[in-house]
Amino acid sequence: MKTLKRRFGMVLLIVAAVLTASNRVPVLSIADAQQPPGEYDLILRGGTVLDGTGAARFRADVAITDGFIVRVGDLSKVRARADIDVRGLMVAPGFINIHSHAAPAVLPTAENMLTQGVTSELLNADGAGPLDIGAQIDGHAVKGLAVNIAASIGFNAVWTSVMGPSNTRPTAPDIEKMRALVMANLERGAFGVSAGLDYKPAYFATVPEVIQVLLPTRPWRTFFPNHDRLTPETGFSSRKGMEETMAIGDGTGLVPVFTHMKVQGREQGSATAVLDMMRTATASGRWVAADVYPYLAGQTSLAALIIPGWAQDGGLAKMRERFADSALRSRIVVEADQAIAARLNGPESIMLNETGRRLTDIMRQQGAKTGGEAIVKILETESPKAIMSFGAEADLLKILQYPDAVIACDCGAWLDTRAHPRGFGTFPRILGHYVRETRTLTWEQAVRKMSGLPASLIGLVDRGLIAPGMAADIAVFDTLTVTDRATYEVPNAKSEGIRVVLVNGVVALRDGVVTGARGGVAMRRTGLMPSRPLHVSTSARVRGAGTLTHRGSLTAKSITVDLQQPSGARTARGSFRLVTTAGDTARALSFGVLQTAKDWATVSGVLRITGQDRPFTAIFDRRYPLQDGAPPMVMVQIQGVPPVTGTLSGALTVNLP
C-alpha cells in the first residue's frame with residue numbers, strides 16, 4: 001500500500017511533464033496568447049477526413065493552432081495564417097509505429113518514416129533497449145526529432161542485465177532486481193513491457209518466471225508485446241507460442257500482443273483457428289491484440305531463430321566452441337534443419353540481406369548438403385542478418401482483417417540500404433496494395449489500424465484521431481498513387497503518394513519531400529493512460545462533479561462533466577466546466593471523441609478560459625489502481641496552462657459502450 005501511494009505521488013508529479021512534453025511550442029501563459037480572433041495557424045482545406053476511429057470518411061477542413069487540431073468542418077469563411085489545399089486527398093491521423101527499431105542518429109530526419117506517413121515511433125521492440133528509458137528518449141531528443149518517440153522497457157534487457165547470457169534460474173533476489181528495473185521505468189514513462197522470448201537469453205526464462213517478474217505491473221494497466229517463443233518441444237508451434245504470450249497476460253494483467261503475428265511453417269493455413277482463440281479470449285474479458293506487417297518474410301540475425309537454444313547458451317563464443325565439437329556440431333546441424341523445415345519455407349527462403357546471397361547458392365558453393373550445415377559454416381566466422389520467408393498469403397490476409405490487429409513495420413527511422421523493404425514500404429503498401437488493389441481492407445479500416453487503434457493500445461490519449469483537441473499529427477495521401485516501391489532487391493526505395501505530413505502541427509513533409517523540420521517530441525506515459533480497445537461505435541457516457549484535491553492541496557474549486565457519445569456520432573456531446581482556484585471558469589466549446597474503458601474515460605476538445613480558446617484533454621479515472629481505495633482521479637491538460645489533476649470529491653460514473 002505504501003509503495004503504491006508513493007508511486008501515485010510520483011505519477012502526479014510527472015503528469016505535468018508528460019503532457020507538457022506533448023506541447024509543440026513553448027508553454028505560454030494565457031495572457032501571452034496573441035492569436036487574433038477567427039484566425040488559425042494552418043488550415044488543411046477540402047480534404048476527405050478518415051478520423052482514425054474506423055468510421056466512414058467525410059469531407060471537411062481541418063484547422064490547427066499551436067500544434068493542435070482545433071476545428072474540423074466547413075471552414076470556407078475562416079482565415080488562417082497558412083493554407084494547404086488537400087482537395088482530392090485523404091486526411092488521416094499520423095501513423096503510429098508501435099514496433100520500432102529506429103537508429104537514434106536518423107531520428108532527426110526520419111525520411112523513410114515520414115514518406116510512409118509515420119509521425120510517432122515506440123522504441124525498444126522485442127525486449128531490447130537500455131535500462132533507463134527516460135535518459136534514452138531525452139538523449140534522442142537533444143538533436144531534435146522529425147517524429148515523436150516513446151519507449152517501452154525491454155524484458156530481454158532486464159533479464160540479461162541480471163541473469164547474464166546463460167540458462168540459469170533466477171533466485172528471489174534476482175526476481176526483485178528485475179522487478180525494480182521494470183517498475184522504475186514504468187515510473188519514468190515507459191509505454192509498456194516489450195519482450196522477445198524467442199531471442200536468447202530471455203528464451204531461457206520460463207513462463208512462471210516471466211510472470212513473477214512482471215506481476216507488480218498489474219496496476220499500470222499497460223501491454224506486453226512479445227515476439228512469441230517457438231520451441232522444438234512444441235514442434236515450433238506458432239499457436240503454442242501465442243498461447244504462452246496469452247498466459248503471461250493472464251498472469252500479470254498486461255494486455256498480450258502478438259508481435260508481427262504470423263502462422264509459420266507447418267502450421268500455415270491455420271490462421272482462422274488462432275484468430276478464433278483471440279476472439280474467444282477477448283469475448284471473455286481478456287483482450288488480446290496483435291501487430292502485423294504486410295510481408296511474408298522477416299529479418300533477424302541468422303542464428304537467432306534457427307540455431308537451437310541450448311547451442312546459443314552463454315553467447316556467441318560458447319556457441320562457436322560447440323561448433324568445434326564434432327558430435328555437438330552434428331546435433332546442431334540436425335536441429336537447425338528441423339527449425340528451417342518447421343518455421344520457414346525451406347533453405348531457398350533464406351537470404352543474407354547484407355550481400356543478397358541466397359542460402360541455396362551458398363550451399364552449392366560450400367558443398368553443404370543441408371541448410372543447417374551451411375548456416376553453421378557461415379556462423380563460424382560471421383554473424384550476418386538474414387531475410388527469411390515463413391508464411392502464406394491467405395493467413396496474412398486474415399490477420400490483416402482481424403479488428404484488433406495493428407499495422408506495425410518492425411522497422412524504424414533508418415538509412416540501411418541492405419535491409420528489409422518494410423523499412424521504407426509498410427504503411428503505403430497497406431494502403432496501395434491491400435486497400436486499393438486487393439480490397440482486403442477499406443480505407444477506414446486500414447487507417448484505424450495505423451492510427452486510432454495503436455494509440456489506444458499503447459495508452460495515448462491525445463493522438464491517433466482527427467478531432468478537436470488532438471495533437472496535430474496528420475498524414476495526407478493520394479488514394480490513386482499511394483504505394484510502396486521498396487523490394488528485397490532495392491529495400492531503400494522510397495514510397496510514393498504520401499503528400500503532406502504534420503508532426504505536432506509542423507509541416508515535416510510536403511509534396512512528398514521532407515522539409516527538415518524537427519517537430520517531434522519525446523512522450524511519456526502515466527498510470528492514467530491505460531491500454532484499451534478502441535470502442536467508439538456505440539454510445540458511452542461519463543458524468544461527475546466535485547472539487548479536485550492534489551495531496552492535500554486544492555487544484556480547482558470545482559469541476560463538472562456530463563458527456564455522452566451517441567451511437568453513430570462522430571464526437572461527444574454535453575458539458576464540461578472547470579473553475580480554477582484563481583476564480584477563472586473554463587467551459588468547453590467543442591469535443592472530440594469520448595473514449596472509454598472500464599471505470600475510465602478520456603475526451604479532447606476546445607474550451608474557453610479568460611477569453612481565450614484553448615485545446616484540452618481530460619482523463620476521468622473512477623478507480624485509479626495505483627492508489628488503492630482512492631476517490632476518482634481527474635486530470636485536465638489545457639494548452640498553455642499548468643495541468644489540473646487530483647482526486648475528485650464527488651461521484652464519477654463511466655458507462656461503457
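**Helix packing in a predicted model: close-up views**

**View 1. Axes of helix 7 and helix 8.** In helix 7 (residues 238–252) and helix 8 (residues 271–283), the axes cross at roughly 15° and come within 11 Å of each other. The structure shown is a predicted model. Because angles under 35 degrees count as roughly parallel, helix 7 and helix 8 are therefore described as roughly parallel to each other. The crossing in which helix 7 passes helix 8 is right-handed.

**View 2. Residues between helix 7 and helix 8.** Helix 7 contributes Arg-239, Met-242, Glu-243 and Met-246, which meet Ala-273, Val-274, Met-277 and Ala-281 of helix 8. Classified by residue type, this contact of helix 7 with helix 8 has six nonpolar and two charged residues, with no polar residues.

**View 3. Axes of helix 4 and helix 5.** Two packed helices are described by the angle between their axes and the distance between the axes. For helix 4 (residues 155–163) and helix 5 (residues 172–187), the packing angle is about 140° and the axes lie 10 Å apart. That angle makes helix 4 oblique to helix 5. Helix 4 passes helix 5 in a crossing that is right-handed.

**View 4. Residues between helix 4 and helix 5.** On helix 4 the contact is formed by Val-158, Trp-159, Ser-161, Val-162 and Met-163, and on helix 5 by Asp-174, Lys-177, Met-178, Leu-181 and Val-182. By class, seven nonpolar, one polar and two charged residues make up the contact of helix 4 with helix 5.

Technical notes. Residues are numbered from 1 along each chain as its sequence is written. This is a predicted model: local features need pLDDT of at least 70, side-chain atom pairs count only at pLDDT 80 or more; totals for chains, interfaces and linings use all residues. Side-chain values use heavy atoms; hydrogens and water are left out. Axes are lines fitted to C-alpha atoms, for helices over the stretch in contact, and angles run from 0 to 180 degrees between N-to-C directions. Helices (H or I, at least four residues) and strands (E, at least two) are DSSP runs, numbered from the N terminus. Angles under 35 degrees count as roughly parallel, over 145 as roughly antiparallel, 65 to 115 as roughly perpendicular and the rest as oblique. A crossing is left-handed if the near helix is turned anticlockwise from the far one by less than a right angle, and right-handed if clockwise. Contact means heavy atoms within 4.5 Å. Ala, Val, Leu, Ile, Met, Phe, Trp, Tyr, Cys and Pro count as nonpolar, Asp, Glu, Lys and Arg as charged, and the others, Gly among them, as polar.
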